[in-house]
Amino acid sequence: MFSTRTVLYIIVIILAGVTGYVWAQGENDENYLRISRHPAKVVPRRVLPITPDMAGELEIIHRAEGWVEKDTLLLRINPEELVLDEQELHQQMERNNLTAETEILQLLRQKEELEFISKLPPERRMYVVQQLKADVDERAIALLERKITMLRENARLSNERLRNAFEKKRKLREITMPFDGRIQYHFAMPEDGQTVLVGTNNPVVTIADDSVLYVVVNMTDPALSRLDASRLSVLLEMGGGRTLTAPWSHSKVQKGDRGETMVYYFTVPETMRGRVWPQVGANLVAHLRYRAEAEDVYVSKAELAREAGERRFESWEELLAALRPGYAVVFNGETHLCIKKFDN
């Protein structure tokens, strides 16, 4: 026995075949009307090709392609030179410290002498001051303390500059993950411990942010671009009878050889990202769909043409005015029209 829902569905199909009207059905009891097919691609949220800033030997630190966490070190360029630069850094920092410590030691000895003299009995202190031909008081001691502090701070700042300069060199020679995502290398993976020679013209790795995937469709039909975009979605056939539905996310105007094009982005559901990822970059066909309102009616163009008989018409709007007075076109699809009754 058929269920009540199945019987009703059969009745709808029969009525649709007789009248040419179809009430589209979709997920969550909402009506989805197919508009037309469009070339489409699946693209990640961001794609970042990495080209080295210098030529040389490339050391592979993270050898596995696929998903990688943010801040993971992937590659290092000219690693031997980087080791030498780091050794030079430590040597220069040590020289700065030795120079500062030598000068500080001399000042500390002067300070100790002044502190010793300041503690002598007045008669003895006066004699020593005359012999040294120098004033001995708290201001002189404070001045020496300031000089010592300044020398230490200068040494610290000099070493900090050296360290910052080295870190800039390191960043130029090390390629790390800027965000969580997937990587693909553009060279044949060498044996462990071996390097790859690279130049500065071509990327060595491409990093893709797969936290969001989009189905991208060029909206070349001005009439379709006037539809309420929030009611649009696309359906992709994934093979094996499986389909993917992606709701509208946002649009962008892209410039190309033929001028500007409106591009619509549809968000791939999070649960489907893993299955859809192999389709990234492939040429796909997306079925553009419209979430209809209760008063929207989906009518076959073929049925309308048969109903028109020998009557000639210049546009579907003209034919609709003759056959369905009081109705207006919501969208002109590939095989169907979506029409709606309007108030005079």
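**Stop 1: Glycine 326**

In this predicted model, select glycine 326, which is partly exposed because its relative accessible area is 22%, a value between the 20% and 50% cut-offs. Glycine 326 lies in the loop that links helix H8 (316-323) to strand S15 (327-332). Leaving aside residues up to four places away in sequence, glycine 326 touches Lys340, Lys341 and Phe342.

**Stop 2: Helices H7 and H8**

Now select helix H7 (residues 301-308) together with H8; their axes come within 11 Å and cross at roughly 60°. H7 is therefore oblique to H8. The crossing of H7 past H8 is left-handed. To display the contact, show Lys301, Leu304, Glu307 and Ala308 on H7, and Trp316, Leu319 and Leu323 on H8. Of the residues in this contact of H7 with H8, five are nonpolar, two are charged and none is polar.

**Stop 3: The four-stranded sheet**

Move to the open sheet of four strands, ordered S6-S5-S3-S8 with antiparallel pairing. Strand S6 (174-176) and strand S8 (195-198) are the edges, each pairing on one side only. From one strand to the next, the twist averages 25°. Select strand S3 (residues 56-60) with S8 to view an antiparallel pairing over four bridges. Which residue of S8 stands opposite leucine 58? The residue is valine 196.

Key. Residues are numbered from 1 along each chain as its sequence is written. This is a predicted model: local features need pLDDT of at least 70, side-chain atom pairs count only at pLDDT 80 or more; totals for chains, interfaces and linings use all residues. Side-chain values use heavy atoms; hydrogens and water are left out. Helices (H or I, at least four residues) and strands (E, at least two) are DSSP runs, numbered from the N terminus. Buried means under 20% relative accessible area, exposed over 50%, partly exposed in between (1.4 Å probe, protein chains only). Contact means heavy atoms within 4.5 Å. Axes are lines fitted to C-alpha atoms, for helices over the stretch in contact, and angles run from 0 to 180 degrees between N-to-C directions. Angles under 35 degrees count as roughly parallel, over 145 as roughly antiparallel, 65 to 115 as roughly perpendicular and the rest as oblique. A crossing is left-handed if the near helix is turned anticlockwise from the far one by less than a right angle, and right-handed if clockwise. Ala, Val, Leu, Ile, Met, Phe, Trp, Tyr, Cys and Pro count as nonpolar, Asp, Glu, Lys and Arg as charged, and the others, Gly among them, as polar. Two strands pair if DSSP finds at least two bridges between them.
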